[in-house]
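Below are some notes for a colleague who has the coordinates open. They are set out as numbered points, each on one topic.

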Amino acid sequence: MEKIPLNLRDTIKKIVKDHLDIENGLVMGQCLTAVGWVGGTLPEIYEDGGMVELPMADVSNGGFAVGAALSGRKIIYVIRYQGFNWFNAPIIINYACKSKEIWGRPCPLFVRSIAMEGGIGPVAGSSHHSIYYRMPGIKIYSPMTPSEYKLTYDDFMKGDDVFYVSEHRGSYDNFEDLIDIHFDDPHYVLFPISITRFNAIKASKELIKIGIKVSVCHIFIIKPFLPSEASLDNLSNATYGGCVVDDDYPDGIAKSLANDLSNITGKRVEALGLEDKTAGFAKEVDNMPPDTNKIIAKVRSAIN
Amino acid sequence: MILDQSLSSRIYETAALNRAFEVSAFEQMKLGNIKFPAYLSAGQEYISATIAVALEEAGINDRQIFIQHRGHSTYLSFGGDIDKLVLELLGDKRGCANGMGGSASIHSVEANIYGHDGLMGSQGPISTGMCYANKIPTLCFTGDAAVEEDYFLASIGWASTKKLPIIFIVEDNNFSILTEKKVRRNWDIHDVAKAFKMKAFNIDDDPQEIFSCLDFENGIFSEPMLLNINTHRMFWHAGAGVDDPDIFDRHKSIGEIFTADYRENIQNKYNNYVSNVWKKYL
């Protein structure tokens with residue numbers, strides 16, 4: 001019988017279960033054991049098994065997770081909406097991320113920060129990984145595939161660093177790897193992050209139909225940002241440069257990475273992300289990540 | 001528990017070490033040898049000195065301590081290395097926080113003392129989280145201003161909910177820099193703790209009062225507790241200065257139960273000891 005591959009949702013669920021059953025870890029967060037079990041990414045385990053329901057006190061909860069990590073147990077801390085990091089981040093960034101450097105005491109924390117968008121208003125929607133990006137002592141990964149998630153978790157378990165894992169609910173059904181699209185002489189190169197990776201692939205496939213060659217070099221590990229030689233070759237050979245595409249506001253990671261890529265290759269690299277406006281609940285006033293059409297429009301404007 | 005002469009002497013000696021250190025640090029600041037803000041705990045020594053002796057007396061060696069920014073006395077009372085503290089205040093990489101902690105973020109791996117990051121009151125949730133994860137008896141020292149942080153209040157609530165072996169010790173000197181408590185709030189933290197169903201006391205930094213709140217019979221950490229301990233800061237919030245030269249001095253008051261000779265001998269002993277440590281590194 002053919003083995004059905006696990007999608008990302010089930011991959012995360014299995015990792016979490018093993019983390020509790022085998023690694024003596026803890027999983028902490030708000031409303032974990034509620035109806036949806038965080039998009040189906042958590043096994044049905046309760047506090048006696050290490051799944052710890054925290055109170056509705058976001059700032060404190062970040063500190064509880066940091067303290068638990070300081071004890072030497074590896075902690076997975078679930079933040080159900082990335083926008084909630086505005087409350088959750090302070091103690092993670094200022095204690096967990098600095099503890100090893102200042103005092104030689106590591107504080108290994110795996111922050112599962114989950115994005116979604118569409119009709120969820122001014123705070124909860126989209127990715128907010130840029131909040132963390134500017135600070136030292138953190139690694140930022142944005143896995144969109146089962147293999148990327150396993151690699152993320154393995155990297156975390158091998159070391160003692162703080163990880164910000166920028167998830168997106170839109171990727172949970174995915175079970176396939178996302179492979180870079182390379183051309184020897186591309187017109188343009190996309191460097192997509194998070195959920196925009198799926199739309200970037202679609203955009204490239206659409207544009208090649210009209211003879212526009214767009215490479216897609218996925219950014220899965222955001223910090224430290226170590227672009228592959230192949231992606232740099234693509235950008236160096238691109239006629240019109242490239243663009244970093246993000247699910248966060250562009251005045252953060254997207255522009256920083258674009259600047260890094262530009263400095264390395266000398267090519268013009270732009271940034272595309274959320275619009276510079278607040279997201280409303282209604283569809284007409286929402287603020288969605290760049291879709292395929294928007295990415296195509298960006299490429300066309302760059303090469304015209 | 002009633003303090004006998006032996007316990008009182010141990011507390012007095014610990015406090016004398018703390019006082020000697022803080023007076024010497026005051027002098028080093030005036031001389032310009034400490035080149036960043038230092039937060040001196042002179043006047044507040046009896047809180048940590050008494051609790052340290054209480055834990056020794058109860059045989060509690062496996063404990064973890066979270067410190068506040070005004071923490072030199074806490075560090076020394078619980079066995080922090082004095083040489084490393086001096087080095088830290090001198091900005092030396094051999095210091096207790098690798099020369100990065102200054103006065104406010106001191107730390108001791110050996111004494112299981114965890115440093116403060118500079119976000120006021122963050123030790124509340126961090127200590128609570130660590131205590132939850134390993135269930136080791138935990139002391140969380142804080143000032144009266146830091147407890148006003150919302151995340152500190154939530155920490156008391158969760159520690160109570162989970163019945164953790166933790167004691168929150170509020171070193172209440174009444175001031176946030178120089179803004180009095182009554183200007184900042186109309187509530188008391190011990191009342192808040194009680195509202196969170198936690199045992200709580202509002203007491204002075206008299207060693208006997210502190211001892212009386214500790215449950216030696218059932219175990220000091222048998223349930224979570226908050227102690228709001230009223231005390232007096234002798235020096236400026238930061239730096240080498242005095243706000244009120246007539247402020248009550250617990251060390252002087254406690255010293256009066258001993259003979260003048262004993263007082264003088266003890267204080268001279270620690271003054272010389274501390275002075276010699278500074279001399280090694282200046």
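1. Two residues are taken to be in contact if their C-beta atoms, placed from the backbone, lie within 7 Å. The model discussed here is predicted, and by that criterion the contact between the chains takes 26 residues from chain B and 22 residues from chain A.

2. On the side of chain B that touches chain A, the elements that give two or more residues are α5 (123-134) and α6 (150-161) of chain B. The most is given by α5(B), with nine residues. By class, the residues on this side of chain B divide into 12 nonpolar, 12 polar and two charged.

3. Turning to the fold of chain B, it has 11 helices and eight strands, and its C-alpha atoms fill a box of roughly 50 × 40 × 40 Å when taken along the principal axes. Because a compact globule with 282 residues would have a radius of gyration near 19 Å, the 18 Å of chain B agrees with that expectation.

4. Two further values describe the packing of chain B. Buried residues make up 51% of its 282 residues, and among contacts between residues at least 6 apart in sequence, 75% join residues at least 24 apart.

5. For chain A, the domain assignment gives domain 1 (8-171) and domain 2 (188-303), and the C-alpha centres of these two domains of chain A lie 26 Å apart. Across the boundary, 25 residues of domain 1 of chain A are in contact with 23 residues of domain 2 of chain A.

6. Which elements give two or more residues to the side of domain 1 of chain A that touches domain 2 of chain A? They are α5 (121-124), α6 (130-133), β5 (138-141) and β6 (162-168) of chain A, and β5(A) gives the most, with four residues. By class, this side of domain 1 of chain A has eight nonpolar, 14 polar and three charged residues.

7. One residue may deserve a separate look, namely A:I45, which lies in the loop between α2 (37-40) and β2 (51-53) of chain A.

8. Not counting residues up to four places away in sequence, A:I45 touches A:L20, A:G50 and A:M51.

Definitions and conventions: Residues numbered from 1 in each chain as written. Chains lettered and ligands numbered in written order. Predicted model: local features only at pLDDT ≥ 70, side-chain atom pairs only at ≥ 80, totals over all residues. Rg over C-alpha atoms; globule rule 2.2 N^0.38 Å. Buried ≥ 20, exposed ≤ 12 C-beta atoms within 10 Å, placed from the backbone. Domains from an automatic or database assignment. Nonpolar A, V, L, I, M, F, W, Y, C, P; charged D, E, K, R; others polar.
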